[in-house]
Amino acid sequence: MRELHIRVLAGVFVVAGVLSWAGARLWNAVGTLPGVPLAAPIVLALIAVVLLSTALSLRARLKAQRERRPGAKGVDPMMAARAVVFGQASALVAALVAGMYGGAGVALLEFLDIPARRDQAVYAGFSVLAGIAVIAAALFLERVCKLPEDDDQNPPGAEPTA
């Protein structure tokens, strides 16, 4: 499984933000800008909590397994792989959504004197923060589930390479 790179997430965030900002400006020039829902930061925050709790649970179980504690519950490799895939997908979607709301929030900054638009700008800001929290939790989960590096470059029974 390939590792998630910050550069990819930052690229998705920036491209989505620029396109969203341009679209919001164009949409506002033609008509009314659609609102930023209050549920956006709440849903993203819930996803971040689920990812973080999964990572903490897996970390505790892996630590107990490594220390060979009696009665330690092992970690199914497929479950860990599914958790990592869920985390990676969540991080990519969160980067996209946070970029979209970030761009819309920047476009809303010129309308802060209107109370409804000010609230939407605040919701957009919290959505960006919650999206960053999802990305951080997903990267932590990926780090927890990462297999240890193979220190031995030559597997047992293989001829050493020069």
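Reader: What share of the protein's contacts with a separation of 6 or more comes from residues 24 or more positions apart?
Author: That share is 82%. Contact means heavy atoms within 4.5 Å.

Reader: What am I looking at, and how is it numbered?
Author: This is a predicted model, where local features need pLDDT of at least 70, side-chain atom pairs count only at pLDDT 80 or more, and totals for chains, interfaces and linings use all residues. Residues are numbered from 1 along each chain as its sequence is written, and side-chain values use heavy atoms, without hydrogens and water.

Reader: How many helices and strands are there?
Author: The protein has 4 helices and 0 strands. Both are DSSP runs, numbered from the N terminus: helices are H or I with at least four residues, strands are E with at least two.

Reader: Compact or spread out?
Author: The protein is more spread out than a compact globule, because its radius of gyration is 21 Å, well over the 15 Å that the globule rule gives for 162 residues. The radius is taken over C-alpha atoms, and the rule is 2.2 Å times the number of residues to the power 0.38.

Reader: What box do the C-alpha atoms fill?
Author: Roughly 70 × 45 × 20 Å, along the principal axes.

Reader: New topic. Where does Glu 142 lie?
Author: Glu 142 lies in helix α4, residues 115–144.

Reader: Is Glu 142 buried or exposed?
Author: Glu 142 is buried, at 12% relative accessible area. Buried means under 20%, exposed over 50%, partly exposed in between, with a 1.4 Å probe and protein chains only.

Reader: Which residues is Glu 142 in contact with?
Author: Leaving aside neighbours within four places in sequence, Arg 2, Glu 3, Leu 4, Val 84 and Gln 88.
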